[in-house]
Amino acid sequence: MVCEWKKERDGFSLVELVLVIAIMAILTGGVLISFGLLRSADTQGAAQSINNGLSEVKSKNMAGQKKTYMNLYKYSNNYYIRFTKDGDAGTDSGKLRTIDSGELGKKIANQNISISFQGSELESGKIYSFTIKKSDGSFGNEYYVTPSGGTSTTNALPSPAKFTVKASNGKGTVREIWMVSNTGRHYVDVL
């Protein structure tokens, strides 16, 4: 005689519940780590874009007849780089004068990133312009800040000067782009 046990199950056992919670915790941890890595990649990309921009402005100035400027600015919570030359339309002796939504330049970061120069975050609507001296390849001793549609002001460029790129929430890897004004050297440092 075969005895059949019929047991009705109306729910989960404690072991099953603990296993499901453990699996969910592992998956959640993986997702959170992924978001942190993405934010770190964003800061690395923005820092590298600024560093590459400094190399590009140096190359363009050493090879060309007209002085070239690297213009860095914030527009609609995004950061952009655009290169201009003496005589270009919309410039003040080569320095970008207005931010034109039709010709923004290269987007290097979004609102999840904060970019500062010398400890002050880049202000929306202000254009920060940098160039080099063709005679010796140095950044010289000045940079320019232009309110969109306004007149540029000349500021003393300290040596060394630095950009800081970090996540807007203050978490994650911070990157600094150092500019040695009197030599034209620049590099990225990770904190």
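Two strands count as paired when DSSP finds at least two bridges between them. With that in mind, here are some close-up views of this predicted model.

**View 1. Strands β1 and β8 run side by side in opposite directions, as an antiparallel pair.** Strand β1 covers residues 68-75, and strand β8 covers residues 126-130. Four bridges join these two strands. To find your way, look for Met 70, which stands opposite Phe 130 in β8.

**View 2. Six strands make an open sheet.** Read across the sheet, the order is β5-β2-β1-β8-β9-β10, and the pairing is antiparallel. At the edges sit β5 (106-109) and β10, each of which pairs on one side only. Ignoring direction, neighbouring strands of this sheet are turned by 30 degrees against each other on average. What holds strands of a sheet together as pairs? Strands pair through backbone hydrogen bonds, in either a parallel or an antiparallel way.

**View 3. Strands β9 and β10 form a hairpin.** Here β9 (residues 142-147) and β10 (residues 153-156) run antiparallel, joined by four bridges. Tyr 143 faces its opposite number, Asn 155, in β10. Five residues lie between the two strands, and Gly 149 in the turn has a positive phi of about 85 degrees.

**View 4. The loop between β1 and β2 holds Ser 76 and Asn 77.** Ser 76 is not a glycine, yet its phi is positive, at about 50 degrees. Asn 77 also has a positive phi, near 65 degrees, in a residue other than glycine. Is Asn 77 buried, partly exposed or exposed? Its relative accessibility is 47%, so Asn 77 counts as partly exposed.

**View 5. A cis peptide bond leads from Ser 159 to Pro 160.** The omega angle of this bond is near 0 degrees. You will find Pro 160 in the loop between β10 and β11 (161-167).

**View 6. Another open sheet has five strands.** Their order is β7-β6-β11-β12-β13, with antiparallel pairing. The edge strands, β7 (120-121) and β13 (185-190), each pair on one side only. Strand β6 (residues 113-117) is joined to β7 by two bridges. Follow Ser 116 across to β7 and you reach its bridge partner, Glu 121.

Note on methods: Residues are numbered from 1 along each chain as its sequence is written. This is a predicted model: local features need pLDDT of at least 70, side-chain atom pairs count only at pLDDT 80 or more; totals for chains, interfaces and linings use all residues. Side-chain values use heavy atoms; hydrogens and water are left out. Axes are lines fitted to C-alpha atoms, for helices over the stretch in contact, and angles run from 0 to 180 degrees between N-to-C directions. Buried means under 20% relative accessible area, exposed over 50%, partly exposed in between (1.4 Å probe, protein chains only).
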